Amino acid sequence: MEMLESGLIRMSDRLYVLPYEEKTDRPNLYYVKGDRYSVAVDAGNSKAHVEKFYRALKESGFPLPDCTFISHWHWDHTFGLHAIHGLSYSTKLTQDKLKEVMKWQWNEEAMLRREETGEDIPFCNEHIRMEYPDLKEITVTATDRIVSEPVSLDLGGIAVDLIPRDSTHSRDSLFVYLPSERTLILQDADCEDFYHGTVYDQDRLKDMIAFFESLDYDYHCLGHALPETKKEALKRLYQCKNE
Ligand SMILES: [Zn+2]
Ligand SMILES: [Zn+2]
């Protein structure tokens with residue numbers, strides 16, 4: 001890994017990442033560079049986040065992504081959707097959930113009410129207030145297209161496999177697997193489901209571990225941390241299993 005002057009981290013000639021920022025809970029945004037097409041993973045948490053990503057791409061001399069794949073519905077990965085270049089793709093569950101979130105109101109009263117009903121969690125609202133000093137600037141849009149089954153795309157010189165499936169973090173996950181880079185981009189997928197308590201659901205964890213073990217890769221690319229090796233990730237996840 002190497003940090004470029006533009007602020008992107010180069011993971012390979014084909015894979016770059018704008019690193020996560022803890023303060024406003026901005027996740028890693030990934031960029032996969034093919035000879036004919038380029039794609040991004042996740043839209044970030046605001047227009048400002050997307051603009052920072054695109055500025056770094058331009059400074060690196062890279063074209064803007066032709067499309068963006070959304071890993072799951074959470075605000076920090078989707079509230080920049082209205083500002084992206086090209087179409088966005090997600091699972092149907094993500095799209096449906098975003099259509100619901102589009103109806104949410106953004107003021108203190110509505111946000112606190114959602115914490116009471118469990119629709120949203122304090123951790124999100126705290127960071128949303130940091131990213132959006134003016135809550136009126138929040139614009140939520142749904143994704144344009146659905147990925148309903150595993151599909152492999154050829155970007156020219158690199159294949160991207162999209163794998164929609166359940167995860168321990170949310171029901172609507174989309175995994176992005178890059179066989180030639182020996183990389184799995186999973187963003188938050190192997191975390192706990194914070195909307196349903198703070199411990200792992202053991203059945204979902206078992207299923208996820210089996211999924212990771214079934215894939216041939218080395219780099220486990222997370223949403224809010226630097227990439228791990230698959231070995232480190234599995235060690236961490238096995239420690240979360242009750243046995
Ligand atoms: Zn996240
Ligand atoms: Zn998340």
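In this predicted model, strands β4 (residues 29-33) and β5 (residues 38-41) pair in the antiparallel sense over four bridges, where strands are DSSP runs (E) of at least two residues, numbered from the N terminus, and pairing requires at least two DSSP bridges between them. A hairpin of four residues links β4 to β5, and Val-32 stands opposite Val-39 in β5. Strand β3 (residues 15-18) also pairs with β4 in the antiparallel sense, over four bridges, with Leu-15 opposite Val-32. Four of the five residues of β4 are buried, that is, under 20% relative accessible area with a 1.4 Å probe and protein chains only, exposed being over 50% and partly exposed in between.

The zinc ion (ligand 1) is coordinated at 2.1 Å by Asp-76 (OD), His-77 (NE2), Asp-188 (OD) and His-224 (NE2), donors being N, O and S atoms within 2.8 Å of the metal (3.2 Å for Na, K and Ca). Asp-188 is buried at 5% relative accessibility, whereas His-224 is partly exposed at 27%. Asp-188 also bridges the zinc ion (ligand 1) and the zinc ion (ligand 2), which lie 3.7 Å apart.

Residues are numbered from 1 along each chain as its sequence is written, and chains are lettered from A and ligands numbered from 1 in the order in which they are written. Local features need pLDDT of at least 70, side-chain atom pairs count only at pLDDT 80 or more, and totals for chains, interfaces and linings use all residues, while side-chain values use heavy atoms, with hydrogens and water left out.
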